[in-house]
Amino acid sequence: MDLRPAGVNPTAANSATAGAPPAVAASGVTKRFAGGVVANDRVTFEARHGEVHALLGENGAGKTTLCNILTGLYRPDEGEIRIDGKPVRLHSPHEAQAAGIFMVHQHLSLVDSLTVAENVVLGWSRHGGVTFSARTVEAEIEEIAARYQMAVDPKARIWQLSLGERQRVDILKALYRGASILILDEPTTVLTPAEIDQLFSSVREMVAEGSTVIFISHKMPEVFAIADRTTILRKGRSITTLDIAGTDARQLARLMVGHEMSFDVHPRAAGVEPKPAPAQPPVLALEGVHVRGDFGIDALKDVSLEITAGEILGIAGVSGNGQRELAEVVAGLRPFTQGTIRIGGENVASGDPRDAINRGVANVPEDRMGTGVSPNLSVAENLILKSYRSSSPHSGPILLMGRAETQATALMARFDIRAPGPGTLVRQLSGGNVQKVVLARELSSGPRLVIAASPTRGLDVGATEYVRGVLVEAAKQGAAIMLISEDLDEIVELSDRIAVLYEGRVVGVVEAASATYEHLGLMMAGAAS
Amino acid sequence: MNADLIVSIAVSAIAYGTPLVLAGLGELLAERSGVLNLGVEGMMLMGAVTAFFVSQTLGGPGLAVLVAAIIAAALAGAALALIHAFLSITVRVNQIVSGLALTIFAGTIGLSSYAGQVWGVGGQHGVHQLVKLDVLGLSDVPVVGPILLNQDAFVYFSWVLVALVTFYLFRTRFGLYLRAVGESPRSADAMGINVTRYRYVHTIIGGAFAGLGGAYFTLAIAPIWTDGLTAGDGWIAIALVIFAFWRPDLLVVGAYLFGALSSLGFTLQTHGVQLPSEFFSSLPYIMTVVVLAAASTTLARRRIGTPAALGVPYVREES
């Protein structure tokens with residue numbers, strides 16, 4: 001077992017691969033940003049040929065910065081990058097790609113208005129030359145896609161694809177270009193269990209061919225399932241490098257966070273009150289609801305769902321099966337064409353967000369930065385965005401910003417929003433704190449119904465636990481909660497009941513206590529009801 | 001309406017539309033790279049005055065002089081566009097401010113009229129002018145002849161440019177990269193495409209095209225130089241790019257439509273149709289509003305059009 005700190009002697013660590021230099025190595029890499037943030041502080045790290053190397057760390061630990069340096073997007077202020085033992089200076093992603101290093105980002109590097117094939121040859125083509133033959137490339141993509149079992153239509157435009165499909169395109173792009181070092185930045189966030197298995201078998205095939213896969217994740221089970229070794233980063237520093245076979249989740253979690261964390265406590269298990277009998281009408285009732293999607297076809301078909309007060313209904317499904325439309329139609333952001341939606345027994349107007357808000361619907365949207373907040377407004381301003389008509393501090397048409405900031409300061413304390421002050425612009429906050437701003441605004445008004453769409457996507461372990469706790473607490477206070485997530489663990493852990501969406505239909509509603517992953521997975525894949 | 005009238009409307013549509021085709025094509029390239037260039041009007045004026053000066057000053061065979069004048073006009077436009085590129089891409093000045101500043105700097109009360117005075121070309125009558133060609137000797141064929149086969153070389157050159165730009169945009173790798181840079185510079189950068197270089201090159205080529213559009217005024221439409229003779233065509237060219245959904249083929253349609261509209265009053269008068277001239281001068285603008293309104297709904301539905309990163313400077317390192 002290799003327990004020596006990674007910083008000690010990089011060359012000595014190669015003994016395991018019989019003197020062959022590591023595929024890629026970083027030593028003493030430091031990256032500072034304007035404003036004095038040190039994102040990487042003397043990071044040392046190496047990944048061998050033919051291994052899956054996991055980079056573990058909370059958000060802000062410096063994983064993404066390190067990868068951006070490895071892929072030539074950032075230049076390190078200090079330190080050295082070596083590929084196959086040779087020091088290199090990567091000045092651009094182009095140079096990194098020429099050296100075989102590719103990254104599949106969390107925010108995928110795809111151009112929405114172009115087709116899959118066009119995206120794949122962007123910046124590089126096997127054929128050189130000036131002209132671009134879509135047909136040739138499409139055939140080549142289909143071949144690679146078949147080899148790695150990553151079905152995708154090469155003629156489709158990116159904006160027509162689900163997030164899971166987009167990720168596949170990004171991976172295909174790297175494979176098409178002959179990547180020898182592939183960095184996957186939290187690749188499983190948008191995938192179903194079956195898709196994760198598929199991804200992992202593609203990854204195993206890559207490493208079997210001698211390639212290197214650097215796998216960034218928060219999720220312990222995945223790291224144990226796929227990685228050979230792991231390097232742990234904390235607050236911009238590389239803590240250590242370990243063999244996966246010789247460690248356990250508890251040790252890794254402690255190294256990541258710096259203190260013991262509990263993974264076993266089931267938030268719902270803690271509060272063991274029996275569910276109240278549904279005497280009053282359900283808070284939310286959908287009956288035979290049809291909704292048209294962006295492309296003119298029905299995105300939701302004949303959907304009927306009920307959520308009672310104090311209940312968390314999980315909506316599971318592969319992304320792109322109507323989850324977004326479901327959230328939008330309940331929030332009044334999208335009209336429905338058939339059926340009825342009742343909140344507290346009363347019919348709601350179709351496509352009228354203000355009506356929904358007045359009936360006590362809180363919306364924690366999937367697109368946090370775009371829909372959830374206004375990034376260029378301050379924390380205080382974002383917090384009063386919804387209540388400006390009623391309870392916000394105002395005198396006639398004049399907003400009393402002083403009082404708004406006092407209120408904001410109180411909410412910041414209550415919801416653990418870490419920002420220098422209420423006047424801080426929201427775009428300067430981390431993802432977790434942005435989500436807390438959204439939660440503070442939406443939940444502080446005591447809503448009847450909370451729509452939470454992928455509420456923990458991209459958040460670190462601490463923020464994720466916090467957000468989940470807030471949702472559970474809101475349910476205890478009597479709110480009905482519709483939890484939409486592609487993270488099945490999250491759905492199972494938090495929900496009372498789970499509804500599965502497949503191609504716009506509810507294919508099944510099960511009690512969370514009796515649900516199995518196999519059954520849910522089959523329903524998500526459309527193979528069972 | 002008789003065939004005669006239709007022919008003369010079509011002929012003047014092409015004459016007045018050609019500067020719009022050239023300048024619009026240039027703007028289209030710049031905008032596809034994500035750079036909004038509002039300096040087109042100024043670049044056209046500089047092209048016009050430079051072309052006229054060179055054609056008046058150079059000695060030698062007429063054809064050589066005209067070619068030199070055209071090249072000089074392109075260089076003048078490109079030089080101004082280089083300033084815009086530097087300001088908006090490297091220094092990341094607001095592109096609207098930079099473009100407007102250039103139009104004012106080079107415009108009616110600026111550099112182009114100063115150059116006209118210094119070079120003393122103000123009242124002169126042109127020595128050289130582009131002549132109408134008789135293609136294949138078929139210019140007398142009814143309708144088709146005068147419209148398609150009896151234009152000057154510059155018109156045919158503009159058609160070749162349209163075909164080249166269309167091919168470039170949709171059938172070459174570099175055109176693909178250009179579209180990616182305008183849509184998502186971050187993705188393009190991550191794919192190893194040099195965003196800065198693409199933006200510089202296409203902004204500068206765009207300026208050169210605007211210069212060519214200006215040269216068409218002084219070398220073909222009327223062989224004289226007066227201050228501000230492009231009379232807002234640079235602005236119409238910018239609007240046309242929007243109407244055309246950033247597509248060269250539609251740009252040509254739009255340019256000739258506007259060419260026809262702006263010359264309609266004059267053409268109809270010569271054919272004895274009496275309507276208030278104000279009506280005709282307002283036509284292009286009524287047209288603008290109508291097309292814009294129609295375009296915006298189609299845009300919203302089909303998500304084609306505006307390069308997503310248009311007007312947004314690209315900064316790689318964001319902490």
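Lys235(A) lies in the loop between β9 and β10 of chain A, where helices (H or I, at least four residues) and strands (E, at least two) are DSSP runs numbered from the N terminus. The model is a predicted one, in which local features need pLDDT of at least 70 and side-chain atom pairs count only at pLDDT 80 or more, whereas totals for chains, interfaces and linings use all residues. Residues are numbered from 1 along each chain as its sequence is written, while chains are lettered from A and ligands numbered from 1 in the order in which they are written.

Strands β9 (residues 229–234) and β10 (residues 237–243) of chain A pair in the antiparallel sense over 6 bridges; two strands are taken to pair if DSSP finds at least two bridges between them. Leu233(A) has Ser238(A) in β10(A) as its bridge partner, and the two strands form a hairpin with 2 residues between them. Phi of Lys235(A) is near 50°, a positive value in a residue other than glycine. Lys235(A) counts as partly exposed because 14 other C-beta atoms lie within 10 Å; a residue is buried if 20 or more other C-beta atoms lie within 10 Å of its own, exposed if 12 or fewer, and partly exposed in between, with C-beta atoms placed from the backbone.

## Ser454, a buried loop residue

A positive phi, of about 40°, is also found at Ser454(A), although this residue is not a glycine. Ser454(A) sits in the loop between β19 (449–453) and α16 (461–476) of chain A. With 26 C-beta neighbours inside 10 Å, Ser454(A) is classed as buried.

## An open antiparallel sheet

In chain A, 4 strands form an open sheet in the order β2-β1-β4-β5, with antiparallel pairing. Its edge strands are β2 (38–47) and β5 (86–88), each of which pairs on one side only, and the twist averages 25° from one strand to the next. Within this sheet, β1 (residues 24–32) and β4 (residues 78–83) of chain A pair over 5 bridges, and Ser27(A) stands opposite Glu80(A) in β4(A).

Helix α1 (residues 63–70) of chain A packs on the sheet and touches β1, β2 and β4, its direction making about 115° with that of β1(A). Contact here requires that the C-beta atoms of two residues, placed from the backbone, lie within 7 Å; axes are lines fitted to C-alpha atoms, for helices over the stretch in contact, and angles run from 0 to 180 degrees between N-to-C directions.

## Nonpolar cores

The largest nonpolar core has 83 residues, and those with the most contacts inside it are Val450(A), Ile451(A), Ile481(A), Met482(A) and Leu483(A). Such a core is a set of buried Ala, Val, Leu, Ile, Met, Phe, Trp, Tyr and Cys residues joined through C-beta atoms within 7 Å. Not counting residues up to four places away in sequence, Val450(A) touches, among others, Ala362(A), Val364(A), Leu471(A) and Ile481(A). A second, separate core of 82 residues includes Ile216(A) and Ile226(A) together with Tyr177(B) and Ala180(B).

Chain B contains 13 helices and 0 strands, and of its 319 residues 46% count as buried. Among contacts in chain B between residues at least 6 apart in sequence, 78% join residues at least 24 apart.

The contact between the chains takes 26 residues from chain A and 20 residues from chain B. On the side of chain A that touches chain B, helix α2 (residues 93–98) gives the most, with 3 residues.
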